[in-house]
Amino acid sequence: MTLSDLIPSLRPTLACRLDRGLWPETTRTTCTGQLLVGGVDLAELAGRFGTPVLAVDVTDIRSRCRAYRAALPGVEIAYAAKAFLCRAMARLADQEGLALDVCSGGEVAVAAAAGFPGARMVLHGNVKTDEDLKTAFAAGVGRIVVDALDEIATIAALAPTRQRVLLRVVPAVDAGTHAGLTTGTEDQKFGLSVATGAAAEAVRRVLARPELELVGLHCHLGSQVRHVRTYVEAAERMVAFLAQVGREYGVRLPELDLGGGHAVPYAEGEPAFDLAGFARSVPATVAAGCRAAGMPVPRLTVEPGRALVARAG
Ligand SMILES: Cc1ncc(COP(=O)(O)O)c(C=O)c1O
């Protein structure tokens with residue numbers, strides 16, 4: 001027998017004990033057992049719209065965006081739209097001063113319809129169709145991340161004006177997440193391997209295309225990455241490749257995008273991503289590596305997806 005069986009008036013209070021890490025910031029329970037998000041009673045919401053129903057806590061999303069911007073001053077925060085996108089979300093990302101990582105013509109179209117500036121969009125994807133590219137060009141996409149060698153000629157041929165590109169490089173770092181979510185190792189389908197020479201070949205091909213401007217490198221270790229040290233390791237390897245590009249091709253690339261994947265708790269008791277630890281160590285690692293190699297420090301980008309919205313929906 002539990003305490004709430006003995007004292008029925010305690011039942012709602014005990015039943016509503018929440019793991020704050022799993023619920024949006026504005027979640028409140030009442031002594032009558034109501035569960036409120038943003039002041040809205042979730043039972044009422046379910047009664048009105050049926051279930052499942054997706055409710056978004058805008059306050060929660062805004063404070064997560066602000067936490068990233070405050071923790072990482074000078075670092076571009078590109079919200080990974082695949083985590084959740086609608087026009088309101090694109091407007092919110094814009095208002096919070098974020099860039100937007102998009103990976104299909106559909107995502108570009110939603111963001112553009114919301115007035116999100118194309119110049120702050122970054123187009124990803126390992127299967128970019130001509131339609132995806134044309135939609136992105138029509139929106140004035142700022143940067144395209146090249147994922148494979150054969151994309152280079154296609155992007156160059158379709159680009160209406162000189163197009164800025166980054167190269168997605170495989171850093172060969174195992175982030176220790178679920179195998180199905182791992183994208184920083186050699187044995188997966190994304191990016192250009194340094195080890196096989198594909199990444200260097202991509203640099204050579206992009207530099208040979210006047211339609212393209214190579215502005216930087218990108219990597220993404222996977223999702224639900226918990227260990228900051230794996231980002232440090234990836235940063236070191238990316239800086240080493242930046243230095244190689246400098247030595248072999250005589251170019252200094254001004255941008256380094258370290259992707260997303262910052263873990264969020266999905267079950268009670270799981271820790272949140274150590275954003276403060278990331279902010280303390282990753283930019284410093286890049287700066288130290290660049291100094292040691294005699295290179296200017298590139299502007300960093302990070303691409304959190306679920307870390308900005310997972311708890312908010
Ligand atoms: C290139 C890239 N950036 C960022 C993300 C966002 O990942 P997450 O939602 O785990 O932060 C993804 C997710 O697949 C991705 O592929």
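Which residues lie nearest the centre of the second largest pocket? Select R64, Y68, A272, F273 and A307, which are nearest that centre among the 13 lining residues. The model is predicted, so local features need pLDDT of at least 70 and side-chain atom pairs count only at pLDDT 80 or more, while totals for chains, interfaces and linings use all residues. Residues are numbered from 1 along each chain as its sequence is written, and side-chain values use heavy atoms, with hydrogens and water left out.

**The second largest pocket**

A pocket here is an open set of points on a 1 Å grid over the protein atoms alone, where a 1.4 Å probe fits, with protein on both sides within 12 Å along at least five of seven lines; lining residues have an atom within 4 Å of a point. Grid points are joined across faces, edges and corners, and a volume is the space filled by probe spheres set on the points. The space in this pocket comes to about 230 Å³. Now select helix α4, residues 58-71, which gives the most to the lining, with four residues. Helices (H or I, at least four residues) and strands (E, at least two) are DSSP runs numbered from the N terminus. By class, the lining has nine nonpolar, two polar and two charged residues. Nonpolar covers Ala, Val, Leu, Ile, Met, Phe, Trp, Tyr, Cys and Pro; charged covers Asp, Glu, Lys and Arg; the others, Gly among them, are polar.

**The largest pocket**

Next select K82, T183, H220, S223 and R306, which lie nearest the centre of the largest pocket, out of 34 lining residues. Its volume is about 620 Å³. Helix α12, residues 306-309, supplies the largest share of the lining, three residues. The lining holds 11 nonpolar, 14 polar and nine charged residues.

**Helices α10 and α11**

Select residues 228-249 (α10) and 275-292 (α11): they pack at about 20°, with their axes 9 Å apart. Axes are lines fitted to C-alpha atoms, for helices over the stretch in contact, and angles run from 0 to 180 degrees between N-to-C directions. This makes α10 roughly parallel to α11. Angles under 35 degrees count as roughly parallel, over 145 as roughly antiparallel, 65 to 115 as roughly perpendicular and the rest as oblique. The crossing of α10 and α11 is right-handed, meaning that the near helix is turned clockwise from the far one by less than a right angle. In the contact (heavy atoms within 4.5 Å), α10 residues including Y231 and E236 meet α11 residues including F278 and C290.

Move to α6, residues 105-113, which packs against α7 at about 20°, with the axes 8 Å apart. The two are therefore roughly parallel. Show G105, V108 and A109 of α6 with D132, T135 and A136 of α7 to see the contact.

On the α7 side the contact uses D130, L133, K134 and F137, and on the α8 side T154, I155 and L158.

**Two backbone stops**

Finish with the backbone. T51 and P52 are joined by a cis peptide bond, with omega about 0°; P52 sits in the loop between α3 (42-49) and α4. A172, though not a glycine, has a positive phi of about 60°, and A172 is in the loop between β8 (163-170) and β9 (192-193).
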